[in-house]
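Me: I'm new to reading protein models. Could you take me through this one?

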Amino acid sequence: MRDQAESLRLQLSRLNKKALTKAIAIISGKGGVGKSNFSLNFALTLSKRGFHVLLFDMDIGMGNIDILLGQSSHTTIVDLFERRISIQELIKKGPSNLSFIAGGTGLTKIFTMDQEKVDYFLTQLQSVSEQYDYLIFDMGAGISEDRLHLLMAVHEVFVITTPEPTSITDAYAAMKYIHLRKKDIPFYLIVNRAQTNQEGYETLRRLKNVMRQFLGKEVMKLGVLPEDRAVSKAVARQTPFLLFDSTTKISRAMIELTDRYLADRTVGDLNVSRPTSFFARLRQLLLER
Ligand SMILES: Nc1ncnc2c1ncn2[C@@H]1O[C@H](COP(=O)(O)OP(=O)(O)OP(=O)(O)O)[C@@H](O)[C@H]1O
Ligand SMILES: [Mg+2]
């Protein structure tokens, strides 16, 4: 009896203690492999599951999140510094209670800014982050020195590739670049635009083996998303494919992938693998430059 009461108390205290906000960066080696579509629809699937998600568009190229959502934004991160607006004014509401911050050339500058601005940005971001379960960063293609700080601070890095050999080798090169600077970052692999499931899983297996063989690094296989014409149709309509039609091959695969990701979480996994919070790490990395 006593043991049961004890375990019940423990469970309740866990429920009361809010889990850490998890930060995830979505990267690729090669451009145009589907990062923005993945980030947006993964974020939406998490939102639909009841999580509070803040999606960051760190990309200055094509296919910006606000365009994919059909909600162009005029305020950019630059206004945060130049007009000292609060971060709340930057955060837009998308469908399904999803929050997002639109991209813009200013966003990449954060990482080359002076300390005072960095500090202001981090304080602003931290002040809202407690409201969120997930912070998702849609990074541009390739890895540059100025984004490395963010990549080294997040809890998980999702790496997207297509089954094309050039995309696979670029994904490997990107992971190698990060791994050589920080060994304990968990990588999750996603193959997008697979013609068949077999092709997708074979690509996952090969990339995982190459990482193990040449870098001694174990990476996770997160899943495979199919080639589906529904994606370009949804993009043309400026609607996330999940909302365009939730029954297409791509939407079903996305829901399955997200549910598998959520099911893999074990209580307190963050506390075991990467104990400090995202902000503590990012602040340290940025202020120690
Ligand atoms: N699963 C898919 N099936 C079919 N087409 C796809 C799929 N995923 C992406 N695409 C196509 O690829 C295009 C580029 O996708 P997206 O903008 O998401 O890539 P990205 O990696 O973010 O690109 P960038 O490197 O420029 O940021 C989409 O507009 C769409 O036409
Ligand atoms: Mg993109």
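Me: Which residues are the closest to ligand 1?
Reply: This is a predicted model, in which local features need pLDDT of at least 70, side-chain atom pairs count only at pLDDT 80 or more, and totals for chains, interfaces and linings use all residues. Residues are numbered from 1 along each chain as its sequence is written, and side-chain values use heavy atoms, leaving out hydrogens and water. Around ligand 1 there are 18 residues, each with a heavy atom within 4 Å of the ligand. The closest are Gly-32, Lys-35, Ser-36, Asn-37 and Asp-59.

Me: How do the axes of helix 7 and helix 15 cross?
Reply: Helix 7 covers residues 115–129 and helix 15 covers residues 278–287, with axes that come within 11 Å. Angles over 145 degrees count as roughly antiparallel, so helix 7 is roughly antiparallel to helix 15. The crossing angle is roughly 175°.

Me: How many residues of that helix contact are nonpolar?
Reply: Contact means heavy atoms within 4.5 Å. Among the residues making it are Leu-122 of helix 7 and Phe-279 of helix 15. Four are polar, two are charged, and the nonpolar ones number seven.

Me: What pLDDT does the chain average?
Reply: pLDDT is the predictor's confidence in each residue, from 0 to 100. It stays under 50 over residues 12–17. The chain average is 85.

Terms used:
Chains are lettered from A and ligands numbered from 1 in the order in which they are written. Axes are lines fitted to C-alpha atoms, for helices over the stretch in contact, and angles run from 0 to 180 degrees between N-to-C directions. Helices (H or I, at least four residues) and strands (E, at least two) are DSSP runs, numbered from the N terminus. Angles under 35 degrees count as roughly parallel, over 145 as roughly antiparallel, 65 to 115 as roughly perpendicular and the rest as oblique. Ala, Val, Leu, Ile, Met, Phe, Trp, Tyr, Cys and Pro count as nonpolar, Asp, Glu, Lys and Arg as charged, and the others, Gly among them, as polar.
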